[in-house]
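This report is meant for a reader who is meeting the structure for the first time. Please look at the sequence and the model below before reading on.

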Amino acid sequence: MQIKSIGVFCGSSVGKSEIYAQKAAELGKLMARGQIDLIFGGGKVGLMGVIADSVMEENGKAIGVIPTALLEKEVGHEGLNQMIVVDNMSDRKNKINDLSDAFIAMPGGFGTLDEVMEVLTYFQLGWSEKPVGFLNTNGYYDALIQMMDTIMEEKFMKPEHRHNVIIETEQEALLDAILNFKPIAVDEKWIAELKLKKTY
């Protein structure tokens with residue numbers, strides 16, 4: 001599948017360290033130069049604003065999706081190529097999913113985790129084959145990566161599902177991995193095997 005757009009999940013804050021904004025800006029430039037559209041939460045504050053500004057400075061395309069209630073709170077970005085206003089957070093996630101060929105999670109809070117976990121779940125269930133990657137800037141996602149490994153080791157996740165998650169510390173490597181992504185196939189017999197096992 002050709003990747004023409006990437007949904008980027010990230011914080012409405014720039015975080016504690018300057019490196020988060022720096023990496024967000026670098027990712028935006030790489031996407032624009034590669035003619036990959038940015039699909040994101042539509043805010044002009046925090047890392048959302050940083051990556052959107054970076055994309056547009058390189059003459060790339062940035063499309064925001066924001067719920068009505070957050071237009072003022074997150075200060076909706078007024079300089080985007082397109083702003084799509086939706087009713088609620090569920091509609092926002094669904095619209096970003098529809099418009100994106102792949103996904104990247106940069107550092108962020110509860111909202112970022114909610115968004116990226118939903119698309120990972122779609123992938124795990126076989127409802128999507130869109131690549132999902134984490135930009136692990138400054139070790140931000142180290143604890144989450146460890147948790148994923150624990151989930152796999154404790155057999156709440158198939159190894160194939162774990163290894164289909166793309167994790168890189170540098171934006172160049174992450175984009176390259178997404179553009180060349182080939183998922184590890186999962187034998188669907190695992191669902192039938194689960195049904196045969198006792199749940200207690």
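## A central strand and its sheet

In strand β5 (residues 102-105), A102 and I104 point one way while F103 and A105 point the other way, and all are buried; buried means under 20% relative accessible area, exposed over 50%, and partly exposed in between, with a 1.4 Å probe and protein chains only. In a regular strand the side chains alternate between the two faces of the sheet. Helices (H or I, at least four residues) and strands (E, at least two) are DSSP runs, numbered from the N terminus.

This is a predicted model, in which local features need pLDDT of at least 70 and side-chain atom pairs count only at pLDDT 80 or more, while totals for chains, interfaces and linings use all residues. Residues are numbered from 1 along each chain as its sequence is written, and side-chain values use heavy atoms, with hydrogens and water left out.

Seven strands form an open sheet with parallel pairing, in the order β4-β3-β2-β1-β5-β6-β7; two strands pair if DSSP finds at least two bridges between them. β4 (82-86) and β7 (165-168) stand at the edges with a single partner strand each, so one side of each has no neighbour in the sheet. On average, neighbouring strands of this sheet are turned by 25 degrees against each other, direction ignored; the axes are lines fitted to C-alpha atoms (for helices, over the stretch in contact), and angles run from 0 to 180 degrees between N-to-C directions.

| Strands | Bridges | Opposite residues |
|---|---|---|
| β1 (residues 5-9) and β5 | four | I6 and A102 |
| β6 and β7 | four | V132 and V165 |

β5 and β6 also belong, with helix α5 (residues 110-124), to a right-handed β-α-β unit. A crossover is right-handed if, with the strands pointing away from the viewer, the path from the first strand over the helix to the second runs clockwise.

## A pocket lined by helix α5

The second largest pocket has a volume of about 260 Å³. Its lining has 15 residues, of which M117, L120, Q124, M157 and V165 are the closest to the centre. α5 and α6 are the elements that give two or more residues to this lining, and α5 gives the most, with five residues. By type, the lining of the second largest pocket holds eleven nonpolar residues, four polar and no charged.

On a 1 Å grid over the protein atoms alone, a pocket is an open set of points where a 1.4 Å probe fits, with protein on both sides within 12 Å along at least five of seven lines; lining residues have an atom within 4 Å of a point. Grid points are joined across faces, edges and corners, and the volume is the space filled by probe spheres set on the points. Ala, Val, Leu, Ile, Met, Phe, Trp, Tyr, Cys and Pro count as nonpolar, Asp, Glu, Lys and Arg as charged, and the others, Gly among them, as polar.

## Two loop residues

Most residues other than glycine have a negative phi. N59, which is not a glycine, has a positive phi of about 65 degrees. N59 lies in the loop between α2 (46-57) and β3 (62-67), and its relative accessibility of 73% means that N59 counts as exposed. N138 has a positive phi near 60 degrees and is found in the loop between β6 and α6 (142-153). At 51% relative accessibility, N138 counts as exposed.
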